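Open the model in your viewer and keep the selection tool ready. We will visit the pockets, then the core.

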Amino acid sequence: MTSLAPKRNEPDLSYLLDHTSHVLRTQMAAALAEIGLTARMHCVLVHALEEERTQAQLAELGDMDKTTMVVTVDALERAGLAERRPSPTDRRARIIAVTEEGARVAEQSQQIVDGVHRDTLATLTAGDRSTLLGALDALATGHLSTATEAAPTRRARQR
């Protein structure tokens, strides 16, 4: 029986990136769950500690929509790790301030994140590690730096 599937001329880059990213995210989620955090919570804590940032700025840095950001900050507030404060420059905006406990947890979570990354990269030779990181950085800052918005599908006019 002959396969009707078209011949693939290039490696399935989408699968390779999606699969490895998915597995890395699940490993990261499991590791951070041990201290009661999600990857999004870690992201907000670390970026909020870098400099004073609004909730909207943190959402953009973490690639989160407004609803996800609100839920994430609500969880951080309930845990006593962060709090919303009025922005001194924009009365509509809220600054996410990390508490002392939040800073301690962020330090711990950063060690966990670094460990997951280190363990993953340790499976490669030093040369392969360098090549992979260089290539991914080139893609992330070059050709794949900006998502393409899909054109909305238009339905044919009904007569």
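**Stop one: the main pocket**

Select helix H1 (13-33): it gives the lining of the largest pocket its largest share, 11 residues. Helices here are DSSP runs (H or I, at least four residues) and strands are E runs of at least two, numbered from the N terminus. This is a predicted model, where local features need pLDDT of at least 70, side-chain atom pairs count only at pLDDT 80 or more, and totals for chains, interfaces and linings use all residues. Residues are numbered from 1 along each chain as its sequence is written, and side-chain values use heavy atoms, leaving out hydrogens and water.

Next, pick Thr20, Ser21, Leu24, Arg25 and His117, the nearest to the pocket's centre among 25 lining residues. The space here is about 1000 Å³.

**Stop two: the second largest pocket**

Select Leu17, Asp63, Leu136, Asp137, Leu139, Ala140 and Leu144, which line this pocket. Its volume is about 360 Å³. H6 supplies the largest share of the lining, 4 residues.

**Stop three: the core**

Which residues have the most contacts inside the largest nonpolar core? Select Leu37, Val44, Leu45, Met69, Leu76 and Ile96. The core has 23 residues.

Finish on Ile96. Setting aside residues up to four places away in sequence, Ile96 touches (heavy atoms within 4.5 Å) Val44, Ala48, Arg53, Gln55, Leu58, Val73, Ala82, Glu83 and Arg84.

Definitions and conventions
1 Å grid on protein atoms, 1.4 Å probe; cavity = no way out; pocket = protein on both sides within 12 Å on 5 of 7 lines; lining within 4 Å. Points joined across faces, edges and corners; volume = space filled by probe spheres on them. Core = buried A, V, L, I, M, F, W, Y, C linked by side-chain atoms within 4.5 Å. Buried < 20%, exposed > 50% of the residue type's maximum accessible area, 1.4 Å probe, protein only.
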